[in-house]
Amino acid sequence: MAARPTWQGHLKLSLVTCPVALYTATTSAADVRFHLINPDTHNRIRMVPTDPDAGPVERSHLVRGYEVSKDEYVLFDDADFDQVRLDSTKTIAIDKFVDEADIDRLYWDDPFFVVPEKGAGVEAFAVIRDAMQKQGKVALGQLVLRGKERQLALEVRGKGLLAYTLRAHDEVRDADDYFDDIPQVKADADMVEIAARIIAQKEAEFDPTAFKDRYDDALREMIKAKTKGGKGLVDVAEPDDTNVIDLMAALKNSLKGSAGGARKPPAKKPAPRKKTA
């Protein structure tokens, strides 16, 4: 099954516009993932949001809070976030071109494949792509992705384009804060020469297929061993709605029992909601 596009809109260079789609260029599907299981009952554990004073609460009832000082929060609900949500223009407008070397590699973030939509727009896409390749520059543009405005760096990759989201300046730490304390040491020239020869002997082409996650590989081998012959398999039933309700009741009863008749502490009063202009 073909991957679904992450974003669909238009790519624009001056008066040339074409419909395109963005697809995530990486995947985590190969990662080994686990669920929490109760070894006594073989039931899969569900995390239930719990208030230390009121007990379990419905997730839909919760709001988000920003801590402004110790134990003091400003509360935000969906309506608050709707006020600052950015409307997508559905357009990646290329506004400037730079040399790739001008962009510090610390700023490069998630990669996306930029693919033209089938139809008359393919020719316009080819014009933009070939012009970029002729100039040998990286294009910079902006788009709204998942509600956030992101800057993009686009470069030619085969018959398509590769777009990287770029981290904002305040997301990147200053290397001098970490490197300034490294002592100034004059390396021995002979030792540097020997090290340089070792580097020359180990020179090779970059091959990403040679990199293996030995930890994940070991986990897969362990999973294979545990499932061999069905000896390590257990049946785990998905908890239904009734089980969730019973779990919440059990948590409330446990909370009452652990209180031991002690006086219930007063609930913390939330900070007043910040008024919007």
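Visitor: Does R150 count as buried or exposed, and at what relative accessibility?

Guide: The model is predicted, so local features need pLDDT of at least 70 and side-chain atom pairs count only at pLDDT 80 or more, while totals for chains, interfaces and linings use all residues. Residues are numbered from 1 along each chain as its sequence is written, and side-chain values use heavy atoms, leaving out hydrogens and water.

R150 counts as buried, because its relative accessibility is 18%; buried means under 20% relative accessible area, exposed over 50%, and partly exposed in between, with a 1.4 Å probe and protein chains only. R150 belongs to strand β10, residues 148–157. Strands (E, at least two residues) and helices (H or I, at least four) are DSSP runs numbered from the N terminus.

Leaving aside residues up to four places away in sequence, R150 touches D109, G141, Q142, L143, L145, T165 and L166, where contact means heavy atoms within 4.5 Å. One of these, L166, is part of strand β11 and is buried at 9% relative accessibility. The C-alpha atoms of L166 and Y107 are 5.2 Å apart.

R150 also joins D109 and R167 in a network of salt bridges; a salt bridge is a side-chain nitrogen of Lys or Arg within 4 Å of a carboxyl oxygen of Asp or Glu. D109 lies in strand β8 and R167 in the loop between β11 and α3, so the pair ties together parts 58 residues apart in sequence. D109 is partly exposed at 22%, as is R167 at 31%.
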